[in-house]
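Keep the sequence and the 3D view side by side as you go.

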Amino acid sequence: MKKNIRFRGKLRSYLYGPLILTAVLAVLNIPAYMCDVRSGAMFTGFTVLYFALEVFTYYYTKPRLVNEIINFATQYATVQKRLLNEFEIPYALLDYSGKLLWMNEQFTLLTGVGRSYHKSITTLFPSITREFILKNEHAQDVYVEIGERRFRISLNRIYFDAIAGDSKLMDIESSEEFLTAFYLFDETLLNKYMVENQEQKLVTALVYIDNFEEALNSIEDVKRSLLIALIDRRVNQYFAERDALVRKTEKDKYFVVFKQKYLSQLEEDKFKLLEDVKNVKVGNEMAITLSIGIGINGATYNQSYENARTAIDLALGRGGDQVVIKNGEEITYYGGKTKLVERNTRVKARVKAHALREIIESRENVLIMGHKITDVDALGAGIGIYCAAHVLGKKAQIVVNNPSSGIRPLMEMFSVEAGYPEDMFIDSEQARQMVGRNTLVMVVDTNRPSSTECPELLQKADTVVVFDHHRQGGETIENPALSYIEPYASSACEMVAEVLQYFQDGMKLEPCEADCMYAGILIDTNNFMTKSGVRTFEAAAYLKRSGAETTRVRKMLRNDMEASKAKAEVIRHAEVYRSAFAISVCPSEDIENPTIIGAQAANELLNISGIRASFVLTEYMGKIYISSRSIDEINVQLIMERLGGGGHFNMAATQLKDCTISEAKHMLCNTIDEMLKEGDIEA
């Protein structure tokens, strides 16, 4: 083995230096011969003798020097071994196959095996197999529990050639084999303190009564104080069980603070407070509903409070009667199962109308856009905003990409011959060129930036206004100058019609404009059969007074023969799932806009006896569209949210990517089964 050892570095220079000196002496012989031949001969003899002695010394000294180095390394290794043996961290060495080669005292005490135990590490830790060791080349951490203690196992490879590569004294032939260093770190206390720290974090909650004024107005004056006292008691009692601090900030608002360890208890009972408050009855005809916004895991207390503020805004924007938890960017929803209660007061509409007027007056031009695949409601709401801007003398344009057959008859009414500008309707490319710092971007019938006709406009414009009647989700338009989101409204056209009544005194609409907005209400209410409240009919009455004609609108909304046949095929091939859910597929061949036909067919399926909710799947433009409808028993909005969509209690939809119709149907059925099992919906 010693023959394969070659010195290098300073040690090599030390041993080979005298031998190199022989060459120097040989060179000096030349001038010696030139001066005196006898002296040169004597110098040569001395050089030969010196070289012979150096060669002898080198070969005689080298083995002894190697032995001395090895003895020193052995003694040094003994010290290292003792240190490792007494190391407080359990440590072991494994061979290439995972067998135990050596272990220190702490490892033997922890595992209960002796130094002579040379079996596979798998016998002690089943998760550490030979395949696992061979597969994971880099350091890997594995967590195991031994008794009540939790350990982190760290594995690190030690290659033989890597060890030799650090040596400056000798070379050793390389090897691909390796040892595995096995460390056990006791993280029991660390995990305990981490859990305690997490559980002790501050959770901020805001509790709002959704319909405080409406509920009080529905009972006698003498019972109002009793109703308020009962609600206060339910709220305080519910949170007091979780050691929470509850403070009433306003007559219908509460501020709550509690430890995060109690949040899991609230989630387990799915915030039973929502149902407890609904059961408070002292003669009130209207049930009390709550909205709760909870903010957790903020870097500071103020950030947790801001998360709670954002959560309560989402809860109210989604119609109330629910809990929204905001954990950073993650948002969780609970409740929201009941139908939205219409608010009869129009104060908010008047306030929004005045605010919108001020914003439009301060801008040079207005760009209006709805959601992708613009429908009648989005177009009608856009026409209403166009009228508002036109009254103030502002240039307004509506962004519509690839108008479908359902809205083309409506758009054709706004021709140059009828007195409207040629560029009233523009596409996204033209809109990008029109937007500037003094441009108002008006978004109608959607509150999701990704679903708008041109999301880039939201980034380029300084002022954005949102009018929508859909429930808010996790994705919202950031920092709008004005946001008017009312989930209880039947349609965006209803909201705009209300605003126009307060926008300017004596403001009148042209008959074609009123027709377009009236058509939007008709479509979204299924001819006033769903989501139609007092304010819906008041908005329709305003449009009728403005010249809307029912017969004219009905003619514009008629389907062609192919679309009618497709709708009939949807109904004919519908399947009944769980004896309550109608599921069908809408054909998309030879139909310009099959998603609209699917939505209409979903409405038709509700006319079948025993059907409580309907779902129509449509494959269109590389996506699977699901339109869902119900009458008053199933909250289809919750089902669609599970699939990434949203909407209203009885009208919702979603889009699925990278899947087939059969896969989408399977996902829908699994979601229904899960929600039935969890009790979120009832068959």
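**Exercise 1.** Find the side chains that make polar contacts with the side chain of Asp 468.

*Solution.* Start at strand β16 (residues 463–468), which holds Asp 468. Strands here are DSSP E runs of at least two residues and helices are H or I runs of at least four, numbered from the N terminus. The side chain of Asp 468 makes a polar contact with that of Asn 447 at 2.7 Å. Next comes His 470, whose side chain is joined to that of Asp 468 by a polar contact of 2.8 Å. A polar contact is a pair of N or O atoms within 3.5 Å; within protein, one must be able to donate a hydrogen and the other to accept it, and residues adjacent in sequence count only if both atoms are side-chain atoms.

This is a predicted model: local features need pLDDT of at least 70, side-chain atom pairs count only at pLDDT 80 or more, and totals for chains, interfaces and linings use all residues. Residues are numbered from 1 along each chain as its sequence is written, and side-chain values use heavy atoms, leaving out hydrogens and water.

**Exercise 2.** Determine whether Asp 468 is buried or exposed, and look for a salt bridge.

*Solution.* Asp 468 is buried (under 20% relative accessible area with a 1.4 Å probe, protein chains only; exposed is over 50%, partly exposed in between). Asp 468 has no salt bridge (a side-chain nitrogen of Lys or Arg within 4 Å of a carboxyl oxygen of Asp or Glu). The nearest side chain of opposite charge is Arg 448, 7.9 Å away. Leaving aside neighbours within four places in sequence, the contacts of Asp 468 include Tyr 484, Ile 485 and Met 495 (heavy atoms within 4.5 Å).

**Exercise 3.** Check the span of helix α11 (residues 301–317), then find what covers its buried residues.

*Solution.* Helix α11 has 17 residues. The expected span is 1.5 Å times one less than that number, so 24 Å; the end C-alpha atoms are 24 Å apart, which agrees. Buried residues of α11 include Ser 304, Ala 308, Ala 311 and Ala 315. Their cover includes β6 (202–209), β9 (290–296) and β17 (482–485). After α11 comes Gly 319, with a positive phi near 105°.

Note on methods. Lys, Arg positive; Asp, Glu negative; His and termini not counted.
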